[in-house]
Amino acid sequence: MRLVEISEGKAKILVPDQREYEREGKFDPAWAPVFYNTRMVFNRDISVLAVSVISPKNIVDALSATGIRGIRYYLETTPPQTLVLNDLDKGAIELIKANSERNGVNALVTNRDANSLLFETSADYVDVDPFGTPSPFILSSIKATRNNGHVAYTATDLSPLEGKAKMSCKRKYDAENSKLSFSKEVGVRVLIGKIAREAAILEKAVIPEIAFYKDYYYRVILKVKRGAKRADECLNNLGFYSECNNCGFSYEGKERIDRCPKCGSPMKTAGPLWLGNLYNMDFLTRMKEELKTRSYLQNFSKLDYFISLLIKEGKYNQHYFNLEFLSSKLRLNIPPKRKILECLGDASETHFDPKGIKTSKNFQETLSCIKGLNDR
Ligand SMILES: C[S@@+](CC[C@H](N)C(=O)[O-])C[C@H]1O[C@@H](n2cnc3c(N)ncnc32)[C@H](O)[C@@H]1O
């Protein structure tokens with residue numbers, strides 16, 4: 001394998017030379033013998049900020065590939081007392097060892113199946129960044145996370161999570177999922193819903209610190225607390241979202257409903273999913289503080305904008321309204337988003353979707369704004 005050196009954050013690491021694996025001028029990181037994806041730099045940047053807020057004593061990066069994620073945690077936050085970098089692939093292990101050494105990172109490098117490792121270890125922070133769905137690793141990673149510790153998941157399988165691949169969603173997340181007009185938010189809530197149910201098996205509760213959608217993946221970082229009672233309370237945050245394809249009415253609640261209470265048409269449903277908060281506002285504010293000391297990050301401005309937007313929209317826990325969808329149901333033009341936000345007053349844009357808004361106002365009040373702006 002021919003290698004090249006790249007810089008990311010404060011790390012300088014060796015990765016497979018992309019040119020050797022291109023096919024007809026195109027490149028997919030999965031075609032190289034060891035996985036390194038430049039499109040995940042933002043994911044790792046934001047995770048560095050979160051890990052610096054958490055300041056864990058020990059970290060397990062269970063699916064490390066080149067080791068970049070764990071190496072960055074070591075270099076860019078207070079170094080943990082122990083760092084485990086693990087991968088099943090032997091080629092990855094060679095690279096993780098070389099990259100740790102190059103960066104002066106003191107890591108325990110292990111070549112194990114992530115599940116067998118996680119069932120036998122424990123840490124304050126566990127990172128699960130797999131190909132596609134994290135579902136096969138949820139139980140073991142929750143088991144490995146100590147009381148009051150944190151666990152992080154990346155999910156790149158948007159089709160099941162957003163409800164495009166219904167059966168796949170049933171298999172991987174044990175949830176029903178008809179694609180709703182605010183499907184980007186549904187996805188992250190289906191994922192957390194599954195994590196909460198797996199945690200409950202182990203009599204543990206999860207509390208989201210940050211949960212977001214970006215480009216082609218979801219990323220969630222959750223606090224884990226032990227206790228059967230806490231697990232029961234956590235499960236109280238599960239419920240359903242439904243939406244009427246006829247009049248556009250949407251519902252969220254603990255009970256599943258089949259008929260639209262407004263027009264009696266059948267509703268499309270997603271769930272069980274997480275209805276609770278997606279963000280810990282204090283955690284987000286501290287992440288923003290951590291960012292201030294990291295002007296070396298190439299994504300500095302994007303991160304600042306993104307975290308600020310999460311802080312703004314975090315005020316509204318209700319799912320977002322898709323303005324294009326609502327306007328089409330009313331057979332009206334979509335007014336400019338800025339005007340709708342002004343009309344609603346208590347509302348925000350959302351990172352989930354440029355066509356979406358978050359608001360404390362209800363369905364009827366939001367429709368009235370769209371109608372009113374069309375009448376002017
Ligand atoms: C998406 S890559 C990880 C990327 C890395 N975390 C990063 O930020 O660049 C997934 C990695 O998981 C490894 N892997 C797949 N199945 C595994 C398993 N069961 N146990 C441990 N590693 C596994 C693959 O070899 C691959 O290197």
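Predicted model: local features only at pLDDT ≥ 70, side-chain atom pairs only at ≥ 80, totals over all residues.
**Entry 1**

Next I asked myself: how many bridges join S15 to S16? I counted three, with S16 covering residues 356-359 and the two strands running antiparallel. To see one of these pairings up close, I picked Ala347 and found its bridge partner in S16, Thr359.

A reminder to myself: strands of a sheet pair through backbone hydrogen bonds, either parallel or antiparallel.

**Entry 2: a four-stranded sheet**

I moved on to another open sheet, where the order is S8-S13-S11-S12 and the pairing is antiparallel. Which strands sit at the edges here? They are S8 (176-177) and S12, and each pairs on one side only.

I followed S8 to its neighbour S13, residues 267-274, and found two bridges in the antiparallel sense. Asn177 was my example this time, and its bridge partner in S13 is Ala270.

**Entry 3: two domains**

I stepped back to look at the whole chain. It is divided into domain 1, residues 3-274, and domain 2, residues 281-375. I looked up how far apart their centres lie, taken over C-alpha atoms, and noted 24 Å.

Then I looked at where the domains touch. On one side, 40 residues of domain 1 take part, in contact with 29 residues of domain 2. The size of an interface is often given as the accessible area lost when the parts come together. For domain 1 and domain 2, I wrote down a buried area of about 2900 Å², with 66% of it given by carbon and sulfur atoms.

**Entry 4: what holds my attention at the interface**

How many salt bridges are there between domain 1 and domain 2? The count is one. I also looked at the salt bridge between Lys358 and Glu185, where the closest N and O atoms are 3.0 Å apart.

Polar contacts came next, and I noted 12 residue pairs across the interface. I then checked which elements of domain 1 face domain 2. Those that supply at least two residues to the touching side are H1 (41-54), H2 (68-76), H8 (183-201), S9 (204-214), S11 (238-244) and S12 (250-253). The largest share, 10 residues, comes from H1.

Last, I sorted that side of domain 1 by class and got 18 nonpolar, 10 polar and 12 charged residues.

How values were computed. Residues numbered from 1 in each chain as written. Heavy atoms only, no water. Domains from an automatic or database assignment. Contact = heavy atoms within 4.5 Å. Buried area = accessible area lost by both parts, 1.4 Å probe. Salt bridge = Lys/Arg side-chain N within 4 Å of Asp/Glu carboxyl O. Polar contact = N/O pair within 3.5 Å; in protein donor to acceptor, adjacent residues only side chain to side chain. Nonpolar A, V, L, I, M, F, W, Y, C, P; charged D, E, K, R; others polar. Pairing = 2+ DSSP bridges.
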